[in-house]
Amino acid sequence: MAAIDHGADAVYIGAPRFGARAAAGNSVADIASLCRYAHQFGAKVYVTVNTIVYDDELHDTLELLANLADAGVDAILVQDMGLIDLTRQLPQGDRLILHASTQTDNRTAEKVAWLAQLGFRRVVLARELAVEEIAEIHRRVPNVELEVFVHGALCVSYSGLCYASQHCFGRSANRGECAQFCRMKFNLTDADGKLIEREKYLLSLKDLCQYDHLEELAAAGATSFKIEGRLKDVAYVKNVTAAYSQRLDEIVEKHHGKYCRASRGRVRLSFQPDLNKTFNRGYTTYFLHGRQPGIASFLTPKAMGEYVGYVKEIHGNYFTVAGVARFANGDGLCYIGDDNQLVGFRVNRADRNCMYPLQLPASLRTGMKLYRNNDQEFERTLNRPTAERKIPVALSLRPTENGFNLTLDDVSISVESTHQLAQTPQLDNIRKQLSKLGGTPYVCTKVDIPDDFPYFIPSSLLAQWRRQLVEVALGHATGHRERTTDSSVAPMAAQSAPSYGRGYLYNIANSKAQLFYQQHGLSHPDPAFELQKPASPLIMQCRHCLRYSLGFCKKNSGRLPAWREPLTLSLADGRHFRLEFDCRHCQMNVYAD
């Protein structure tokens, strides 16, 4: 609801089960309540049912889909192809629009076209795509809505094709239980055992931020801009949503009718959004304009926050900061120590640029860069009411033969009433009474009444009619939902599935998914990784390339390395992971040996 209040045109949300964040489920009753709230503003609610499903869960999944359809959701995000057949079994199936989750590994026009043939209305693209690749997909498959991630945490592997967490910890990312393998420390060694990097977060990426590039993404054909916000607090949701909503408004206004927002309502904020003050690991545009250095955060997987200055002087129990930032008691600061470890501490008392921690960190040195990863004043602001969203409406009142007709935009009611002539002018009072829309999603911009309107209407009756009109308008808004009339739930001719080198990459976890892929060209579909123990498995496919990040890319005229491949990542517990550099596809593959 905070996302809606702060300008979101749609939200995506996890159901009680089968969402890609198992710890972020919501009851169907809460989702239904959210639908009613969002639909007042024409905003959509998309529910994530985007994990793979086991056979013994199919009945529960079918029941969940039926309940979500009854709750009024606008679409469901799906990974498991077995769910297509489940939706066809539902009496409410025509209410369920399908979106292909990014978990279905959507990085080519061929894949998007295949999903469109299956009936998916929208496809959430892989985070790794460049703007030119998005534009090419839109050019080749123009009738499919394309959703792109623009902000938040990045997965280092192509989504849906990461099995590291399952392999190492028995927690499947395809089941919403990712154990954050990519945020762990690794040693990097060559084929001779020579140490190249020691205890670095070599797979930990910075956070995505495309705030300054929404315009070119829209021009490339993106329909929806997605903010990753699962397991984030309400302050994060408020700040990031408001920032991107403001930017979209600027783009819409700039292009004079080329674009429009997908929901209604003007948002009035009581704070200035600032993306630097919200949880982030440092920002990157990732591969938006092709491969670039600095997309990873090798020193820490934690939030660094905003740069606020450097340590100027250290005295006994306090230190001074050189910079222009203002500080508050309780601020969280951090720095990278001499041992390349992140050190965080809280400011007990801030006196202008003098910081008094409860205990001065022993490794703090003059000249060290300081970052603020918790801004107390900003957090206090966001913990208060910070936005009001209202839909501007015009009202009109006209006499009829047996009473009056009252209209709010395109919604009208007729009331029966005796026409009583006024003894004194009544227009000002009528306009005043009808425009009292406080406590509703509406704000009145105009009350249109004929200048020669001669009638007297008691204020109590005007208030009654106004409430009745608002109730009808809200019922119209919350009851109107887009219905699918395409093939999203209708049987269609079999199409060949995209080819994967290894059978378990299809993520086939149940009999319906198995039958689906048999009908689409796989004669002997293999079970999902979670249902077998393949030898030396490919557990990650990454566009992030360590050889490039370390300056040794063959395609980009990097230095010649002194090491001998293959390179190996290893955890502190001794487990090893072989790296394969697939330069033909510009991809780094990770194998568990």
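Me: Let's start with rings. How many aromatic pairs does the structure hold?
Reply: There are 22 aromatic pairs in this predicted model.

Me: Take F516 and Y517. What is their geometry?
Reply: Edge-to-face. The ring centres are 5.0 Å apart, and the planes stand at 90 degrees.

Me: Why does that count as edge-to-face?
Reply: Because the angle between the planes is 90 degrees, and the cut-off for edge-to-face is over 60.

Me: Is F516 buried or exposed? And Y517, buried or exposed?
Reply: F516 is buried, at 9% relative accessibility. Y517 is buried too, with a relative accessible area of 8%.

Me: Why is 9% enough for F516?
Reply: Because buried means under 20% relative accessible area, and F516 has 9%.

Me: Which residues are in the cluster with F516 and Y517?
Reply: W114 and Y506. Ring pairs link the four residues.

Me: Now charges over rings. Which ring does K277 sit over?
Reply: The ring of F378. The charged end of K277 is 6.0 Å from the ring centre.

Me: And R349, where does that lie?
Reply: Over the face of Y356, at 4.1 Å from the ring centre.

Me: Switching to strands. What is the order in the six-stranded sheet?
Reply: β8-β7-β24-β25-β26-β23. The sheet is open, and the pairing is antiparallel.

Me: Which strands stand at the edges?
Reply: β8 (195-200) and β23 (538-542). Each has a single partner strand, so one side of each lacks a neighbour in the sheet.

Me: How many degrees are neighbouring strands turned against each other?
Reply: 20 degrees on average, with direction ignored.

Me: Zoom in on β24 and β25. How many bridges?
Reply: Three. They join residues 568-570 of β24 to residues 576-582 of β25 in the antiparallel sense.

Me: What is the bridge partner of T568 in β25?
Reply: R578.

Me: Last one, E580. Which strand does that lie in?
Reply: E580 lies in strand β25. The residue is partly exposed, with a relative accessible area of 29%.

Me: What does E580 touch?
Reply: Q587, M588, N589 and Y591, leaving out residues up to four places away in sequence.

Me: Which side chains make polar contacts with the E580 side chain?
Reply: The side chain of N589 makes one, at 2.7 Å. The side chain of Y591 makes another, at 3.2 Å.

Me: How far is E580 from L129 in space?
Reply: 21 Å, C-alpha to C-alpha. In sequence, E580 and L129 are 451 residues apart.

Definitions and conventions:
Residues numbered from 1 in each chain as written. Predicted model: local features only at pLDDT ≥ 70, side-chain atom pairs only at ≥ 80, totals over all residues. Heavy atoms only, no water. Phe/Tyr/Trp six-rings, centres within 6.5 Å; stacked < 30°, edge-to-face > 60°. Buried < 20%, exposed > 50% of the residue type's maximum accessible area, 1.4 Å probe, protein only. Lys NZ or Arg CZ within 6 Å of the ring centre and 35° of its normal. Pairing = 2+ DSSP bridges. Helix = DSSP H or I, 4+ residues; strand = E, 2+ residues; numbered from the N terminus. Axes fitted to C-alpha atoms, helices over the stretch in contact; angles between N-to-C directions. Contact = heavy atoms within 4.5 Å. Polar contact = N/O pair within 3.5 Å; in protein donor to acceptor, adjacent residues only side chain to side chain.
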